[in-house]
Amino acid sequence: MRAPIRAAAALAAVAAVTTSVTTANADSHPHTGRAGDGGYGYTRVRQGVPDSATRFKVTSPDIRNGGTIPADSYADSFGCSGANQQIRLSWHGAPKDTRSYAVTMFDPDAPTGSGLWHWLTWDIPATDTQLGAALPTGAVAGTNGAGQTGYLGPCPPVGDITHHYRITVYALDTPSLQLPAATPAAITTFTMSSHVISTATITATARR
């Protein structure tokens, strides 16, 4: 009789621990998400920038850091009627050993579970220090999170939290990533991560 009693006691202990862990997880990860996240669970996305990377400066005539994205730069799809006007950038102060640049725009607040890449351009020659509507010779316009080539403006869900659009210029130690334009954003940024020597970021917001 002792063996069945011990087994029953062990099963009861396991059940108690399982119930405790399940309850703790439910409390720490409620289905409604954390306060202020619009009802979605928020998880910080790991950045693909090494700790050794230095910083330089990027500015834009269209936005300021901490400001809002103008209506003309909103998407012209997914329920938005903006002009999808690409944000203009210029930068200075990158390391002298920079061999090319890349530019991305990422929304970590998109309710996708992995954020959303709105813009990826790479193989920008090291001699270029600005990016407008026309791509520099040799540069590659990548595929954004919607499967389209080039810039995709903001179009956050109506009534959602404020979305922060992080525009980053990367100084790279290679003249080319050797990637086709159709490369998925996650693979592009992963490939780029081992070549980043310095970055410059400007963040602007959008909300509907």
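**Entry 1: helix H2**

I started at helix H2, where Ala185, Thr188, Thr189 and Met192 are buried. By buried I mean under 20% relative accessible area; exposed is over 50%, and partly exposed lies in between, with a 1.4 Å probe and protein chains only. Seen down the axis of H2, the buried residues fall within an arc of 90°, so they line one face of the helix. The arc is taken from the directions that run from the helix axis to the C-beta atoms. I then turned to the other side of H2 and found Ala186 and Phe190 exposed.

Before going on, I noted that this is a predicted model: local features need pLDDT of at least 70, side-chain atom pairs count only at pLDDT 80 or more, and totals for chains, interfaces and linings use all residues. Residues are numbered from 1 along each chain as its sequence is written, and side-chain values use heavy atoms, with hydrogens and water left out.

What covers the buried residues of H2? The cover includes S4, S5, S8 and S9. H2 spans residues 185–193 and lies across S4, strand S5 (116–125), S8 and strand S9 (196–206). H2 runs at about 45° to S5. For such angles, axes are lines fitted to C-alpha atoms, for helices over the stretch in contact, and the angle between N-to-C directions runs from 0 to 180 degrees.

**Entry 2: Thr188**

Thr188 is buried, with a relative accessible area of 1%. Not counting residues up to four places away in sequence, Thr188 touches Leu120, Trp122, Leu177, Leu179 and Thr183. A contact here means heavy atoms within 4.5 Å. Trp122 is 66 residues from Thr188 along the chain, and their C-alpha atoms are separated by 9.0 Å.

**Entry 3: the whole chain**

I stepped back to count elements. The protein chain has two helices and nine strands. Both kinds are DSSP runs numbered from the N terminus: helices are H or I with at least four residues, strands are E with at least two. Along the sequence the pattern reads α-β-β-β-β-β-β-β-β-α-β. Of the 208 residues in the protein chain, 39% are buried. I also checked contacts between residues at least 6 apart in sequence: 71% of them join residues at least 24 apart.

**Entry 4: the six-stranded sheet**

I traced an open sheet of six strands, in the order S1-S9-S8-S4-S5-S7, with mixed pairing. Two strands pair if DSSP finds at least two bridges between them. Which strands stand at the edges? They are strand S1 (54–55) and strand S7 (140–141), each pairing on one side only.

Next I looked at S8. Strand S4 (residues 100–107) and strand S8 (residues 163–172) run antiparallel and are joined by seven bridges. Val103 stands opposite Val169 in S8. S8 and S9 also run antiparallel, with 10 bridges between them. Tyr170 has Thr199 in S9 as its bridge partner. Is S8 mostly covered or mostly open? S8 is mostly covered, with eight of its 10 residues buried.

**Entry 5: the three-stranded sheet**

I found another open sheet, of three strands in the order S2-S3-S6, with antiparallel pairing. Strand S2 (57–59) and strand S6 (130–131) each have a single partner strand, so one side of each is left without a neighbour in the sheet. Three bridges join S2 to S3. Lys57 stands opposite His92 in S3.

**Entry 6: the nonpolar cores**

I looked up the largest nonpolar core, which has 29 residues. Such a core is a set of buried Ala, Val, Leu, Ile, Met, Phe, Trp, Tyr and Cys residues joined through side-chain atoms within 4.5 Å. Ile87, Leu89, Trp91, Val103, Trp119, Ile167 and Val169 touch the most other members. Strand S3 (89–92), S4, S5, S8 and S9 each supply at least two residues. S9 gives the most, with five. Apart from this core lies another, of 14 residues, among them Ala53, Phe106, Trp117 and Val196.

**Entry 7: Asn144**

My last stop was Asn144, in the loop between S7 and S8. Is Asn144 buried or exposed? Asn144 is buried, with a relative accessible area of 5%. The side chain of Asn144 reaches the backbone nitrogen of Ala146 at 2.9 Å.

Terms used:
Polar contact = N/O pair within 3.5 Å; in protein donor to acceptor, adjacent residues only side chain to side chain.
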